[in-house]
Amino acid sequence: MTAEALEQQTYLPEQPEQLASVASFLLAHESRHGTTPEPRYFLAGAQEGDQVEVPEALHMVLLQVVEALRSGHAVTVAPQSSKLTTQQAADLLGVSRPTVVRLIDQGELPSERIGSRRKVLLRELLDYRERRRQRQYDAITATAVELDAEDDPAAVREQLKAIRQDLAARRRDHH
């Protein structure tokens with residue numbers, strides 16, 4: 001594999017009409033067989049018998065790329081090492097590097113030391129991100145208040161104030 005293949009590349013939807021036959025094939029196959037690529041997909045070369053089987057994960061990537069390009073979206077392929085620096089982890093989470101270091105120090109995000117550097121496994125980072133999203137969704141659900149047109153705004157404010165105080169107390173107890 002060339003060094004260029006490991007660099008981030010963005011592909012623009014230059015000729016979406018050329019993707020129509022690929023998208024049509026993928027969608028027709030999906031409607032007949034579901035999203036699991038059965039029987040199997042193959043890439044074919046120029047010579048007879050020149051083919052290789054496409055794994056299911058790659059099939060799903062191809063389907064997503066084709067749909068995005070057909071919809072007029074650009075697609076960026078950004079290969080990631082399975083071990084990320086704290087800065088790369090921060091970029092992926094959308095937080096600062098010191099926040100990632102704090103998460104590691106608090107034991108919320110596993111890491112390993114390589115010399116004086118900390119490395120975060122990509123799988124662990126993605127698992128953490130999913131757990132964090134779930135906690136955020138749970139917090140939103142926990143703070144939801146059903147409202148009717150007849151509800152007294154002052155009573156609703158008091159309800160929300162009590163929920164915020166409860167959440168703040170739980171955060172203090174957690175740390």
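**Legends to close-up views of a predicted model**

**View 1. Overall chain and its surface.** The protein has an accessible surface of about 13,100 Å², 51% of which belongs to carbon and sulfur atoms (Shrake-Rupley method, 1.4 Å probe; for residues, only the protein chains shown count as cover). This is a predicted model, in which local features need pLDDT of at least 70 and side-chain atom pairs count only at pLDDT 80 or more, while totals for chains, interfaces and linings use all residues. Residues are numbered from 1 along each chain as its sequence is written, and side-chain values use heavy atoms, with hydrogens and water left out. The protein contains 6 helices and 7 strands, taken as DSSP runs numbered from the N terminus (helices H or I, at least four residues; strands E, at least two). Their order along the sequence is β-α-β-β-α-β-β-α-α-β-β-α-α. Of the 175 residues, 17% count as buried (under 20% relative accessible area; exposed is over 50%, partly exposed in between; 1.4 Å probe, protein chains only). Contact means heavy atoms within 4.5 Å; among contacts between residues at least 6 apart in sequence, 52% join residues at least 24 apart.

**View 2. Packing of helix α3 against helix α5.** The axes of α3 (residues 86-93) and α5 (residues 122-142) come within 11 Å and cross at roughly 35 degrees. Axes are lines fitted to C-alpha atoms, for helices over the stretch in contact, and angles run from 0 to 180 degrees between N-to-C directions. The crossing of α3 with α5 is right-handed, that is, the near helix is turned clockwise from the far one by less than a right angle. From α3, Ala89, Leu92 and Leu93 meet Leu122, Leu125, Leu126, Tyr128, Arg129 and Arg132 of α5. The residues of this contact comprise 7 nonpolar, no polar and 2 charged (nonpolar: Ala, Val, Leu, Ile, Met, Phe, Trp, Tyr, Cys and Pro; charged: Asp, Glu, Lys and Arg; polar: the others, Gly among them).

**View 3. Nonpolar cores.** A nonpolar core is a set of buried Ala, Val, Leu, Ile, Met, Phe, Trp, Tyr and Cys residues joined through side-chain atoms within 4.5 Å. The largest has 12 residues, including Leu84, Ala89, Leu93, Val100, Ile104, Leu122 and Tyr128. Two or more residues of this core come from each of α3, α4 (97-105) and α5. Another core, apart from it, has 9 residues, among them Leu19, Ala23, Val54 and Val75.

View 4. Thr86 lies in α3 and is buried, at a relative accessible area of 11%. Beyond its neighbours within four places in sequence, Thr86 contacts Arg97, Val100, Val101, Ile104 and Arg118. Gln87, also found in α3, is partly exposed at 39%. Its C-alpha is 9.4 Å from that of Val101, and Gln87 and Val101 are 14 residues apart in sequence.

**View 5. Asp50 in the loop between β2 and β3.** Asp50 is placed in the loop joining β2 (41-44) and β3 (51-54). Its relative accessibility of 39% counts as partly exposed. Neighbours within four places in sequence aside, Asp50 is in contact with Leu43, Ala44 and Gly45.
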